[in-house]
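Biologist: I am new to this structure and would like a close look at a single part, the surroundings of the ligand. Please describe that part and then what lies around it.

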Amino acid sequence: MNQTLIVFVEINYKIVYLCLSFERSGRHSKEHGTNLCFTLPDSVHLSGIFFIPMAKIITGLYNIDCLELLSSINDEIIDLTITSPPYNLGDKHHTGNKIFNPYDDFTDNLPEIEYQNQQIKVLNEIYRVTKDGGSIMYNHKNRIRNGVQITPYEWLLKTKWTIKQEIVWFNGSQNFDKCRFYPMTERIFWLSKGIKTNFINNINQHDLIKDNAEGTNKEHKRSFPIKLAQRFIICFPDSNLIFDPYMGSGTTAIAAIKEGKNYLGSEISKKYHDIAKDRIKNQILTLELF
Ligand SMILES: C[S@@+](CC[C@H](N)C(=O)[O-])C[C@H]1O[C@@H](n2cnc3c(N)ncnc32)[C@H](O)[C@@H]1O
């Protein structure tokens, strides 16, 4: 039987697709980079190669600014976003008594109002590319600036999203400033597009999650645990395409692969993008071996 196969390939941030016509039979092949898996027939005839614009982005991990990637994504294709943006802490990140800037390639230090406006813009763009009933799990925390607490609600309430739930993540991180009770928690805000979602708590999870922050062998100091992202994916069983605009070391992509889902994301730092690509490759190899 004659059939047509369309193969998507990533070249220089553009998705190219190959259109192949063939007689159906059974040679097996895999394309790892884009997470495609297909059966290649014995007699393949290349019938065309077409460059299609960025607006046709399907899956993959891109080493670009998240707003640039978002501007290339069609409306309403994402099911679930799991993300943790930089917190705009400059060199004021804490581990115990150690204060540092965890990032190599940028300072994470905008005027607060500019930072909040940027987050509103990113969140509203994610809203546009999310399907009706889709969700975002947005990891952030209460920060102190000039002795005053800033809560993420200050900008979340200015976005288009519906706030469904606030989840407390007790992650073992610590800050021993004597001027207040030691902060040991972050937040995950569950936001939805519309009120009805396909969420189901089939892991009996309560709203206090205790997962130690993992790090990736200290290569990325602000990565969240794979298990944390996996919990969320499992609770949205119908979701297929999982997005992370701030992919860091690729944790969301790895959780997506483990749960048999597709992923899409951006990371601005070349170093972290390379770490993420290696982790993703290793994850795919592990799945193939076992
Ligand atoms: C808190 S970390 C995310 C860590 C990630 N969840 C993980 O598990 O590895 C935030 C990441 O956003 C990246 N980043 C900062 N600004 C960005 C931008 N405009 N577009 C894309 N990535 C950005 C940083 O380089 C950093 O790796």
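Modeller: By class, the shell around the ligand holds nine nonpolar residues, eight polar ones and three charged ones. The model is a predicted one. In total, 20 residues surround the ligand, and the closest are Ser223, Tyr246, Gly248, Ser249 and Thr251.

Thr251 also belongs to a helix pair. Helix α5 covers residues 251-258 and packs against helix α4, residues 226-234, at an angle of about 55°, with the axes 8 Å apart. That angle makes α4 oblique to α5. The crossing of α4 past α5 is right-handed. On the α4 side, the contact is made by Ile226, Ala229, Gln230 and Ile233. On the α5 side, Thr251, Thr252, Ile254, Ala255, Ala256 and Lys258 take part. By class, this contact of α4 with α5 has six nonpolar, three polar and one charged residues.

Next comes the sheet. The sheet is open and has eight strands in the order β6-β17-β16-β7-β10-β14-β13-β15, with mixed pairing. β6 (60-62) and β15 (208-210) stand at the edges with a single partner strand each, so one side of each has no neighbour in the sheet. From one strand to the next, the twist averages 20°.

Val168 has Leu208 in β15 as its bridge partner. Helix α5 packs on the sheet, where it touches β6, β7, β16 (241-244) and β17 (262-266), and its direction makes about 175° with that of β17. Helix α2 (residues 112-129) lies across β7 (78-83) and β10 (130-140), running at about 150° to β10.

Technical notes: Residues are numbered from 1 along each chain as its sequence is written. This is a predicted model: local features need pLDDT of at least 70, side-chain atom pairs count only at pLDDT 80 or more; totals for chains, interfaces and linings use all residues. A residue is near a molecule or strand if its C-beta atom, placed from the backbone, lies within 6 Å of it. Ala, Val, Leu, Ile, Met, Phe, Trp, Tyr, Cys and Pro count as nonpolar, Asp, Glu, Lys and Arg as charged, and the others, Gly among them, as polar. Axes are lines fitted to C-alpha atoms, for helices over the stretch in contact, and angles run from 0 to 180 degrees between N-to-C directions. Helices (H or I, at least four residues) and strands (E, at least two) are DSSP runs, numbered from the N terminus. Angles under 35 degrees count as roughly parallel, over 145 as roughly antiparallel, 65 to 115 as roughly perpendicular and the rest as oblique. A crossing is left-handed if the near helix is turned anticlockwise from the far one by less than a right angle, and right-handed if clockwise. Two residues are in contact if their C-beta atoms, placed from the backbone, lie within 7 Å. Two strands pair if DSSP finds at least two bridges between them.
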